[in-house]
Amino acid sequence: MLDLFTIFSKGGIVLWCFQSTSQITQFFVPSVNSLIKTVILQERTSSNNNYEQDSLSLKYRLDNEFDLVFVIAFQKILQLSYVDKFLDDIHLEFRDKYKNDLARKNYFMEFEFSKNFQEVLKSAEEWGRVQACIPKQMRTFNESIKSKKTIASMIERKGDDKENKKNVKITETQKNDKEINHSDISFNEEDIITQNRLKMAQKMGTINSNKLKKNKEKVPKPSPKATKQPRTWPLGGSIKDISTLDYTKDKPNNNADSPIEIETNNEIVGKMVGGIKDIEIDSESDEEDSNEKFETAAERKQKSDSKRSVFSLFKGLVGKKNLTAADMDPVLEKLKEHLVAKNVAIEIATKLCDSVSSKLEGKVLGSFESVATTVKNTMVESLVQILSPKRRIDILRDAIMAKKNEKPYVMAFCGVNGVGKSTNLAKICFWLIENNLRVLIAACDTFRAGAVEQLRTHTKHLNALHPAKKHNDQQMVQLYEKGYGKDAAGIAMEAINYAKEAKYDVVLVDTAGRMQDNEPLMRALTKLIKVNEPDMVLFVGEALVGNEAVDQLVKFNQALADYSSSVTPHLIDGIVLTKFDTIDDKVGAAISMTYITGQPIVFVGTGQTYTDLKSLNAKSVVAALMK
């Protein structure tokens with residue numbers, strides 16, 4: 001039983017609506033609004049055109065020729081086999097009846113469609129009852145899952161049986177190796193021959209025991225295994241130099257507050273005042289060459305034929321036609337391969353192509369427009385929309401507002417190991433200092449050896465670049481640390497309280513790197529965020545990763561949701577994309593990360609110095625991606 005059916009334009013005008021009861025609106029309106037916001041507006045349509053929320057299920061069809069949306073809503077528990085057929089039939093019925101009015105965009109007339117709706121619904125329900133009585137037929141090969149295998153299905157993942165088998169074999173070989181190592185003796189050829197003769201003699205009983213003893217004495221004893229000797233450096237220090245070379249303990253002259261002379265590059269001071277500059281990517285390419293990548297064989301042939309004579313120009317005037325899935329499939333397949341080659345995760349590339357196909361199917365193609373150009377332009381529009389922030393992000397403005405309210409603006413950094421959290425935290429710290437904001441760095445990475453020392457070194461350099469005498473004798477950066485092995489959430493809380501008392505404007509919380517599958521560490525991160533409630537949680541990820549970016553972000557967000565006791569857990573608010581200078585034009589990780597979370601890329605790291613921090617320019621990134 002259908003609870004709700006509605007037809008509306010992509011501009012938001014409801015043309016016709018059916019409700020099973022008058023009270024059904026309050027249950028289904030939020031779900032329809034969610035469908036519009038998360039799927040239709042963000043162009044995240046899937047191949048099966050299905051959307052589920054809570055206990056409700058929604059099916060939709062897009063009419064790209066007249067810019068219409070057809071939506072059916074019903075309870076998820078109901079198994080309605082006729083829904084797809086009904087949607088197709090009602091779509092055609094409405095188009096055929098009001099074709100002329102829709103072409104003129106006459107949306108404000110009264111559409112008398114109740115009788116047609118009931119007839120189509122009755123026909124579809126009857127068809128569903130007939131289909132239920134027919135015995136289920138065997139699927140063809142093209143309908144089977146095996147025929148739809150993708151590259152993703154061929155990738156071996158953790159926990160597969162193959163890996164378990166390999167592990168078993170490895171353990172067995174290790175056991176055998178141990179047995180061999182137990183009798184690890186080196187023999188030459190003569191000794192081996194002697195041993196074989198002795199064994200043969202023992203079996204035959206022809207040699208007496210005295211000769212056996214003599215021959216056994218000739219067998220060389222195993223030489224002790226040589227151990228690695230420590231390297232002796234030609235200019236190495238002695239015991240007297242230990243106290244001088246010991247950097248593991250804090251010393252009076254090693255404190256960040258002490259007036260120690262540090263070599264600084266003062267040329268970079270003043271370059272980060274104001275907003276962060278957009279990243280520049282070399283994306284200049286010939287548009288015709290770019291379009292030729294995605295052209296089908298038929299289009300290339302037609303293009304070559306059109307160049308032969310002047311009269312062949314009239315062959316292109318074939319009139320308008322509607323795009324079909326069969327027309328777009330070859331172009332979309334090439335486009336998907338191109339996106340995967342540019343480091344877009346294959347799962348995301350497939351969804352993007354499905355979304356473009358749903359958006360263009362049925363659209364009228366102009367006389368001089370090729371399928372390749374139309375598909376490519378639509379993909380570019382979708383990618384720019386994905387990378388464009390859905391909400392305002394102005395950290396400087398938010399930090400100044402928090403300062404007026406006499407509380408610090410707190411930013412927490414999380415991510416996997418080795419992606420550059422501490423380095424990019426220092427870059428962001430330099431940018432904030434350049435804009436006259438005092439920063440407190442909370443060293444909450446109490447796990448990795450050298451993490452606190454790394455932040456202490458950055459603090460010294462930042463204070464040397466912006467000494468207190470230039471800022472009314474106020475120290476601009478301070479490190480708050482409690483050593484190693486302590487509770488990270490407790491250190492962060494103490495740092496935030498200290499920042500309130502000492503009038504610091506921003507608190508940057510550095511956390512330990514952790515893999516997304518490490519449950520204890522993910523629980524500790526969730527605890528830190530839940531207890532301290534930072535204003536922004538930034539996920540730091542590498543621009544080098546492809547499919548791994550999807551796994552990292554999904555599991556980080558899922559862990560923050562699962563391990564939090566709050567009804568509305570604080571998830572990832574933004575992304576810091578590091579090592580962007582190492583990938584040339586393979587910028588696909590930016591698309592994958594933004595598509596998965598729906599959150600924007602706030603900062604982009606492009607090098608090792610403090611000024612190598614940029615903001616993402618969506619259009620230039622997409623241009624490089626499609627090059």
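**Exercise 1.** How many nonpolar, polar and charged residues are in the lining of the second largest pocket?

*Solution.* First, a note on the model: it is predicted, so local features need pLDDT of at least 70 and side-chain atom pairs pLDDT 80 or more, while totals for chains, interfaces and linings use all residues. Residues are numbered from 1 along each chain as its sequence is written, and side-chain values use heavy atoms, without hydrogens or water.

Now sort the lining by class: seven residues are nonpolar, ten polar and nine charged. (Ala, Val, Leu, Ile, Met, Phe, Trp, Tyr, Cys and Pro count as nonpolar, Asp, Glu, Lys and Arg as charged, the others, Gly among them, as polar.)

**Exercise 2.** Find which helices and strands each supply at least two residues of that lining.

*Solution.* Step one: the chain has 22 helices and 15 strands (DSSP runs numbered from the N terminus: H or I, at least four residues, for helices; E, at least two, for strands). Step two: pick out β4 (56-63), α2 (83-97), α12 (325-341) and α13 (346-360).

**Exercise 3.** Work out how β3 and β4 pair.

*Solution.* Start with the sense: β3 (residues 50-53) runs antiparallel to β4, over four bridges (pairing takes at least two DSSP bridges).
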